[in-house]
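The sequence and the model are shown first, and the notes follow by topic.

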Amino acid sequence: MLALTDLGQRLRQERESKGLSLEDLQKLTKIQKRYLLGIEEGNYEVMPGKFYVRAFIKQYCEAIGLDTDAIFEEYKSDIPSTQTEDMPQQLSRVRSRKEIPQHTKGVSKAYDYLPTVLVVAGVVVVGIIIWVIAQNIVSDKNKEQANQEAPNSEVQQSNTQEETNETTAKNDNSKSEDEQSAADKKEQEKEKAAKEKAAKEKAKKEKAEKEKKDSGKQEYKEVQKTGRSATYALSGTDAFNLEVTSTQADTWLDVKNGKGNAFFSSILKKGETKEFDLTKETEARVNIGYSPGVELKVNGKAVDLPFDSSKQVRQVVTIQYQPAEAQ
């Protein structure tokens, strides 16, 4: 192995201080590793020539960040000189085939095709320019046509907008009429309901006043009592309203007139009240299946059952009615 020159030792130290291997330097400079090793060892015989020695040393220095001019001046005794001191940026490609290294022949062939490539590129560029000009011409024609059609389009758009506005106005008017009609109908229904409610309250009030007035002079007296049946006479009133309420338990209830026609014949549930308007009848027969807790009212006034319900569970009450007008 050859001893390192001062220049080679300096370059190797700088390379290693930057953590670069010869493989890394080969990738950076594109110089073969054996040439880089020859520079560090001072073995310039492996180079293609003195000119390459100086060129490779220059690229080596630039790759590791050294001042090329300073290195060449400091180590000029270690660097072989050439006929000229000029250091071109890259090797000249205008050389005879004998001077060109074997591994650079492929590059030289590539340069032989360069004129053809340039011609083809020129043709492509001209074609692109012609295409762009044609597109601009077509675009200008389209703009002119659009400008000519724009007035007609604006008029048509204006007419369409007017028709849309008219349709919208009609729809709004129709919607407004429908809403008004619905509001009127709702108001009418509300007024009708209010009138019906007022009429019911008035009738109820009149009925209550009449019952109150009649109760002051009506008479409800016992006529006879036999077994579990009793008869009462109702007079001094122009109304005969009967209310039956069960407060303790369900009971059977049967209410008929003097002719045997039934007004009610079923179970009266606990807490339930049944009302009967018997004003047009002359007689009513009330059959109570379970009398405990049963209450009777005649024209809104409570009346007693004829028998003690603890002793007589089933009771039959007959009420004979004679209107005050007929008396």
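How many bridges join strand β2 to strand β10, and do the two run parallel or antiparallel? In this predicted model, six bridges link β2 (residues 229-235) with β10 (residues 315-321), and the two strands run parallel.

**Sheet**
- The open sheet has six strands with mixed pairing, in the order β1-β2-β10-β7-β4-β5.
- The edge positions belong to β1 (219-226) and β5 (262-268); each has a single partner strand, so one side of each lacks a neighbour in the sheet.
- From one strand to the next, the twist averages 15 degrees.
- T231 has T318 as its bridge partner in β10.

**Helix α2**
- In helix α2 (residues 22-29), the buried residues are L22, L25 and T29.
- Viewed down the axis of α2, these buried residues fall within an arc of 60 degrees, so they line one face of the helix.
- They pack against α1 (6-17), α3 (33-41) and α4 (50-64).

**Nonpolar cores**
- The largest nonpolar core has 24 residues, of which F240, L242, V244, L253 and L296 touch the most other members.
- At least two residues of this core come from each of β2, β3 (241-246), β4 (251-257), β5, β7 (283-288), β8 (294-298) and β10.
- Neighbours within four places in sequence aside, the contacts of V244 include L253, L268, F276, V294 and L296, as well as E272, T273, K274 and E295.
- A second, separate core comprises 22 residues, among them L22, Y35, I57 and I71.
- L22 is also one of the buried residues of α2.

Notes. Residues are numbered from 1 along each chain as its sequence is written. This is a predicted model: local features need pLDDT of at least 70, side-chain atom pairs count only at pLDDT 80 or more; totals for chains, interfaces and linings use all residues. Side-chain values use heavy atoms; hydrogens and water are left out. Two strands pair if DSSP finds at least two bridges between them. Helices (H or I, at least four residues) and strands (E, at least two) are DSSP runs, numbered from the N terminus. Axes are lines fitted to C-alpha atoms, for helices over the stretch in contact, and angles run from 0 to 180 degrees between N-to-C directions. Buried means under 20% relative accessible area, exposed over 50%, partly exposed in between (1.4 Å probe, protein chains only). The arc is that of the directions from the helix axis to the C-beta atoms. Contact means heavy atoms within 4.5 Å. A nonpolar core is a set of buried Ala, Val, Leu, Ile, Met, Phe, Trp, Tyr and Cys residues joined through side-chain atoms within 4.5 Å.
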